[in-house]
Amino acid sequence: MSEESNRAIVSRLYEDVWNTGNLAVADELFAKSDGVKHYIENFRKAFPDIQHTIHEIIAEGDTVVVRWSAQGS
């Protein structure tokens, strides 16, 4: 995959899965998504208004690093 594709995948994880709670997207992003979905679902139950903000995404080859922050109550 290209570095741009890898950045897009990570962005979807934060925007579509974490921020909106659309766990169906996790099935597209992870080969085995059950554990990921369970973790995010439980985390969002504890913090239903959590919002992640991506400040920077750096991709080199197949490595992606994200600088982010989260807010919620």
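Is H52 buried or exposed? I looked this up before anything else. H52 counts as buried, because its relative accessibility is 8% (buried means under 20% relative accessible area, exposed over 50%, partly exposed in between, with a 1.4 Å probe and protein chains only).

**Entry: the model.** I note that this is a predicted model, in which local features need pLDDT of at least 70 and side-chain atom pairs count only at pLDDT 80 or more, while totals for chains, interfaces and linings use all residues. Residues are numbered from 1 along each chain as its sequence is written, and side-chain values use heavy atoms, with hydrogens and water left out.

**Entry: the whole chain.** I found three helices and two strands in the chain (helices are DSSP runs of H or I with at least four residues, strands are runs of E with at least two, numbered from the N terminus). Read along the sequence, the pattern is α-α-α-β-β. The C-alpha trace spans about 35 × 25 × 15 Å along its principal axes. Of the 73 residues, 22% count as buried. Among contacts with a separation of 6 or more, 37% come from residues 24 or more positions apart (contact means heavy atoms within 4.5 Å).

**Entry: α1 against α3.** Two packed helices are described by the angle between their axes and the distance between the axes. I looked up both values for helix α1 (residues 3–19) and α3: the axes come within 10 Å and cross at roughly 60 degrees (axes are lines fitted to C-alpha atoms, for helices over the stretch in contact, and angles run from 0 to 180 degrees between N-to-C directions). On the α1 side the contact is made by V17, W18 and N19, and on the α3 side by Y39, I40, F43 and R44. By class I read five nonpolar, one polar and one charged residues (Ala, Val, Leu, Ile, Met, Phe, Trp, Tyr, Cys and Pro count as nonpolar, Asp, Glu, Lys and Arg as charged, and the others, Gly among them, as polar).

Entry: Across the pair, T53 stands opposite S69, and I57 stands opposite V66. The hairpin has two residues between the strands, and G61 takes a positive phi near 60 degrees there. H52 is in strand β1. Leaving aside neighbours within four places in sequence, H52 is in contact with Y14, E15, W18, N19, W68, S69 and A70. W18 and N19 are also among the α1 residues in the contact with α3.

Entry: How exposed is D27? I found D27 in helix α2 (residues 24–29), partly exposed with a relative accessible area of 42%. Not counting residues up to four places away in sequence, D27 touches S33 and K37. The C-alpha atoms of D27 and E41, 14 residues apart along the chain, are separated by 14 Å.

V36 is in helix α3 and is partly exposed at 24%. Its C-alpha atom and that of E60, 24 residues along the chain, are separated by 24 Å.

F47 lies in the loop between α3 (34–46) and β1 (51–60). I noted F47 as partly exposed, with a relative accessible area of 34%. The C-alpha atoms of F47 and V25 are separated by 20 Å, at 22 residues apart along the chain.

Methods. Two strands pair if DSSP finds at least two bridges between them.
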